[in-house]
Protein chains: 4
Amino acid sequence: MQEFYADQDIKVLIDAARAARSKSYSPYSHFQVGAALLTRSGEIYTGCNIESASFSPTNCAERTAFFKAVSEGVMEFKAIAIVGALENQPLTFCGPCGVCRQVMREFCDPNLFRIFLSQDDYLTRSYTLEELLPEGFGPENILIEKTSPMEDA
Amino acid sequence: MQEFYADQDIKVLIDAARAARSKSYSPYSHFQVGAALLTRSGEIYTGCNIESASFSPTNCAERTAFFKAVSEGVMEFKAIAIVGALENQPLTFCGPCGVCRQVMREFCDPNLFRIFLSQDDYLTRSYTLEELLPEGFGPENILIEKTSPMEDA
Amino acid sequence: MQEFYADQDIKVLIDAARAARSKSYSPYSHFQVGAALLTRSGEIYTGCNIESASFSPTNCAERTAFFKAVSEGVMEFKAIAIVGALENQPLTFCGPCGVCRQVMREFCDPNLFRIFLSQDDYLTRSYTLEELLPEGFGPENILIEKTSPMEDA
Amino acid sequence: MQEFYADQDIKVLIDAARAARSKSYSPYSHFQVGAALLTRSGEIYTGCNIESASFSPTNCAERTAFFKAVSEGVMEFKAIAIVGALENQPLTFCGPCGVCRQVMREFCDPNLFRIFLSQDDYLTRSYTLEELLPEGFGPENILIEKTSPMEDA
């Protein structure tokens with residue numbers, strides 16, 4: 001983990017996460033989160049948390065950003081910025097939940113993908129995914145072959 | 001439920017779902033789904049299913065489309081078209097899973113929102129959400145007040 | 001759907017659901033649910049809702065009951081009773097969320113499995129799973145073969 | 001992280017996880033997991049993974065064990081043993097998925113709760129939850145007050 005004040009490049013990502021947070025649909029927790037996902041080619045996909053009355057289908061900001069990118073065919077990522085706080089409260093460091101770390105593990109290199117958590121004053125903590133999800137369970141644990149079962153027929 | 005061959009308007013939505021299906025990330029099930037969500041103002045948000053090695057974080061096509069729309073601040077919807085099949089198989093009627101019906105229940109009027117399931121030949125079944133999720137558990141069951149807990153302080 | 005006052009047999013199931021509800025862990029919604037699942041051999045497995053700060057991993061009462069049974073090797077079920085309300089409020093009809101209906105679909109015959117919703121006075125509504133999850137997506141949609149991929153090697 | 005051959009006490013927990021694994025319902029991944037959760041008072045709750053055709057409602061072995069315990073009113077835990085592998089394959093170290101780490105975070109002290117991963121020969125790795133889910137998002141992030149909203153009325 002490194003802690004620093006964000007430089008201009010990372011500020012752009014953090015500001016995208018802040019803007020996305022304004023769309024948060026969180027009538028049950030009133031906890032609002034925004035995320036901005038940087039692709040290898042330099043694009044940014046953003047997301048907010050979207051809650052559900054039955055709680056389980058709730059989707060976090062980080063996953064919203066990932067699902068938007070993947071659904072557009074984008075699967076290579078460099079970093080994500082995350083900001084969160086109860087509504088009307090100052091931003092404090094808000095770590096991604098375990099579900100979101102798992103989705104990151106599906107698409108990202110644990111040693112290269114970076115996660116930025118940021119406060120109101122742009123004080124920022126930077127982690128690799130491996131730091132936040134060591135010993136991760138991933139595709140390599142479960143995929144015995146990359147070929148389609150269709151091809152076996 | 002009504003069954004009919006899609007007219008031009010609905011074909012546009014089904015074709016958007018078919019195109020979205022091509023982005024499906026489904027290395028574990030090889031079952032590919034696409035969805036196209038029509039907003040009240042006439043825009044279309046699309047999605048595909050996105051799987052996870054640990055299965056639980058998997059996101060269906062329908063939810064991907066909803067989360068994209070909601071994260072852009074859009075929360076009023078008219079209909080969704082869904083197409084699905086194992087890869088390289090013809091499209092057959094593929095009902096939304098319960099998780100996705102629950103997310104629809106969060107944002108849609110059960111009696112007005114329409115769900116279209118379609119086959120390769122555009123033979124289409126149309127349901128209201130109420131038909132597919134009767135006695136649904138929704139926001140009205142859990143929200144005792146619309147005010148923020150912040151305002152109680 | 002049928003509506004009636006529960007007879008003695010169904011009261012036993014409803015009372016088991018009520019007792020289970022007392023274990024509800026719901027610090028975020030304060031909505032407490034209990035469920036009691038009747039197996040083909042006449043045993044009852046119970047469950048309550050168990051929430052999570054990140055919402056998505058939340059488990060409903062119905063699923064808790066199913067997971068307990070299945071983890072003991074029991075996979076044949078006849079009916080489930082469900083009771084729910086905000087804490088300190090009277091029980092009102094509380095339909096299962098879509099996620100739980102989907103789990104029921106995995107293990108139960110849609111036309112035979114019965115779901116009982118009950119109020120404080122034992123006024124009860126009874127549904128088949130097919131009534132609550134028509135056009136359900138189930139194992140038959142995705143399982144192309146019952147054999148293990150191991151056997152292909 | 002520590003690595004060692006399990007002593008008798010930990011073997012008991014690992015063997016309970018192995019026995020639970022035999023109940024795994026995993027027709028889609030054929031990846032079978034068992035878990036055994038040790039409570040503060042010395043009881044053991046076990047669980048297996050239970051899959052769903054729509055993937056999202058899938059429940060892992062670790063969560064099954066937690067939900068069983070919590071639904072019985074037990075909420076204080078010391079450790080969990082986890083074993084997993086594709087069916088008919090030798091057990092290898094199998095880390096918990098992010099969703100399960102999040103559920104652990106709800107109920108356990110990150111610095112005290114221990115997670116044991118074990119191979120066929122009882123070679124075992126031991127982690128604290130803090131090691132596997134650093135910077136975890138937990139109840140303290142979201143609970144602004146412990147009182148019920150009912151009491152506000």
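**Figure 1. Two salt bridges are counted between chain A and chain B.** A salt bridge is a side-chain nitrogen of Lys or Arg within 4 Å of a carboxyl oxygen of Asp or Glu. In one such pair, the side chain of Lys68(B) meets that of Glu72(A), at 2.7 Å from N to O. The model is predicted: local features need pLDDT of at least 70, side-chain atom pairs count only at pLDDT 80 or more, and totals for chains, interfaces and linings use all residues. Residues are numbered from 1 along each chain as its sequence is written, chains are lettered from A in the order in which they are written, and side-chain values use heavy atoms, without hydrogens and water.

Figure 2. In contact (heavy atoms within 4.5 Å) are 41 residues of chain A and 39 residues of chain B.

**Figure 3. Helix α1 of chain B comprises residues 8-21.** Helices are DSSP runs (H or I, at least four residues), as are strands (E, at least two), numbered from the N terminus. Buried residues (under 20% relative accessible area, 1.4 Å probe, protein chains only) of α1(B) include Ile10(B), Leu13(B) and Ala17(B). Among the strands of chain B against which they pack are β1 (2-5) and β4 (77-86).

Note on methods. Expected span 1.5 Å × (residues − 1). Buried < 20%, exposed > 50% of the residue type's maximum accessible area, 1.4 Å probe, protein only.
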